[in-house]
Each structure stands twice: as structure tokens, then as C-alpha cells.
Amino acid sequence: MLHSCNVVGNDLEKEVGLSTSSISTIDNVSLKKGEEVVIWTKSSLEYKTYESPDLDDYSIKYYIEKDKDSMLVDRYLPLVFSHFIKSSKEEESDTETRYNDENEEEEVDITRVTSEYEAESGVYVVPEDGNYSFSFKLYSKDNISFYSRGRFSIKLRTR
């Protein structure tokens with residue numbers, strides 16, 4: 001006899017995009033006591049290897065409420081994870097014109113990187129039955145230009 005097992009869980013709602021300029025919310029999620037809600041962060045990043053992101057360049061703050069009562073406020077670093085899925089990374093060699101110390105133009109070799117993945121970012125164990133809302137906001141360190149080439153979204157799953 002074969003049994004099916006979904007190791008990442010069952011999707012609760014559609015994916016919501018994240019932004020540094022607004023709060024993204026998943027409303028009215030009906031949950032039962034003891035269910036585990038897993039927060040997955042989907043990232044699509046484009047950068048040059050010499051400007052690759054540091055682990056603490058950005059963070060995601062989230063707020064969970066049940067029937068309009070606050071349940072949890074927390075923050076995590078989405079580049080710090082132990083479990084990820086749907087991972088891909090492409091590298092492309094290129095050249096770029098830069099100025100050296102003598103203020104002269106020179107061509108330098110660079111590598112452009114595109115990576116995508118979904119990372120398990122947190123688990124929330126539901127304390128009691130009810131309708132829950134999950135709100136998320138992306139924060140960037142010093143509003144660095146790296147974010148203009150990155151796309152982030154949240155997917156909630158139960159397991």
C-alpha cells in the first residue's frame with residue numbers, strides 16, 4: 001500500500017507579495033487548535049557577485065492576530081534558513097566598465113547571479129480555534145539598491 005506525504009504541507013491561501021512600502025495581509029484563515037502553520041518565504045534575487053546580499057541586509061516582520069486580538073509579533077531574516085525547496089541558481093559571465101584608482105576606465109569580468117528558492121521561515125502552532133490574519137512587511141537595511149532586483153513573497157502552509 002502506498003501513502004502520499006506532502007513534506008512541505010498544504011497551501012492555505014494564495015501567495016502574497018512583499019514590499020518595503022506596504023503591509024501584505026492574508027485575512028480570515030480558519031484554523032483549528034494544534035495546527036502548525038508554516039511560513040514559507042519565496043525569493044527571487046538578481047545581483048552581481050561583488051554586490052551579493054549579506055544575511056542581515058533585509059528582514060521580514062510579521063504580525064498574527066485572531067479575531068482582531070494580537071497573538072504574535074516577530075521578525076526573521078529570510079536569508080537564514082535550514083529547509084528550502086524549489087531552488088535554482090544561474091550564473092552568467094559578463095564584463096562591465098569601471099573606473100580604477102587613477103580614474104581611468106577599464107573593463108572587468110563580473111558574474112551576474114539569478115537565484116530563486118522557497119525557504120521555511122517559521123512555524124506557528126495555533127493555540128485555539130478561530131479566524132486568523134497574518135500580516136507581513138519587508139524591511140531593508142539602509143534601503144539598498146539590491147531590493148530593486150529582488151522579489152519576495154509569502155506562502156502559508158499547514159502540516
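Trainee: In which strand is Ser115 found?

Mentor: The model discussed here is predicted. Among the elements of this structure, the one that holds Ser115 is strand E8.

Trainee: Is Ser115 buried or exposed, and what is its relative accessible area?

Mentor: A residue counts as buried under 20% relative accessible area. Ser115 falls within that class and is therefore buried, its relative accessible area being 10%.

Trainee: Which residues does Ser115 touch, leaving aside those up to four places away in sequence?

Mentor: Contact here requires heavy atoms within 4.5 Å. With residues up to four places away in sequence left out, Ser115 touches Ser43, Ser44, Leu45, Tyr47, Ser88 and Lys89.

Trainee: How far apart in space are the C-alpha atoms of Ser115 and Gly150?

Mentor: Along the sequence, Ser115 and Gly150 are 35 residues apart. In space, their C-alpha separation is 9.6 Å.

Trainee: With which side chain does the side chain of Ser153 make a polar contact?

Mentor: Ser153 is placed in strand E10, residues 150–158, and counts as buried because its relative accessibility is 8%, under the 20% limit. Its contacts, not counting residues up to four places away in sequence, include Val16, Leu18, Trp40 and Lys42. The polar contact of the Ser153 side chain, at 2.9 Å, is with the side chain of Glu15.

Trainee: Which residues of the largest nonpolar core touch the most other members?

Mentor: This core has 26 residues. The members that touch the most others are Phe134, Phe136, Ile154 and Leu156.

Trainee: Which residue in E9 stands opposite Ser59?

Mentor: E5 and E9 pair in the antiparallel sense, over nine bridges. Within E9, the residue opposite Ser59 is Tyr139.

Trainee: What is the bridge partner of Tyr63 in E6?

Mentor: E5 is also joined to strand E6, residues 69–76, by seven bridges, and the two run antiparallel. In E6, the bridge partner of Tyr63 is Val73.

Trainee: What is the phi of Asp67, in the turn of the hairpin formed by E5 and E6?

Mentor: The hairpin has two residues between its strands, and Asp67 lies in the loop between E5 and E6. At 42% relative accessibility, Asp67 counts as partly exposed. Although Asp67 is not a glycine, its phi is positive, about 45 degrees.

Trainee: What is the phi of Asn28?

Mentor: Asn28 is found in strand E3. Its relative accessibility is 58%, so Asn28 counts as exposed. Asn28 is not a glycine, yet its phi is positive, about 50 degrees.

How values were computed: Residues are numbered from 1 along each chain as its sequence is written. This is a predicted model: local features need pLDDT of at least 70, side-chain atom pairs count only at pLDDT 80 or more; totals for chains, interfaces and linings use all residues. Side-chain values use heavy atoms; hydrogens and water are left out. Helices (H or I, at least four residues) and strands (E, at least two) are DSSP runs, numbered from the N terminus. Buried means under 20% relative accessible area, exposed over 50%, partly exposed in between (1.4 Å probe, protein chains only). A polar contact is a pair of N or O atoms within 3.5 Å; within protein, one must be able to donate a hydrogen and the other to accept it, and residues adjacent in sequence count only if both atoms are side-chain atoms. A nonpolar core is a set of buried Ala, Val, Leu, Ile, Met, Phe, Trp, Tyr and Cys residues joined through side-chain atoms within 4.5 Å. Two strands pair if DSSP finds at least two bridges between them.
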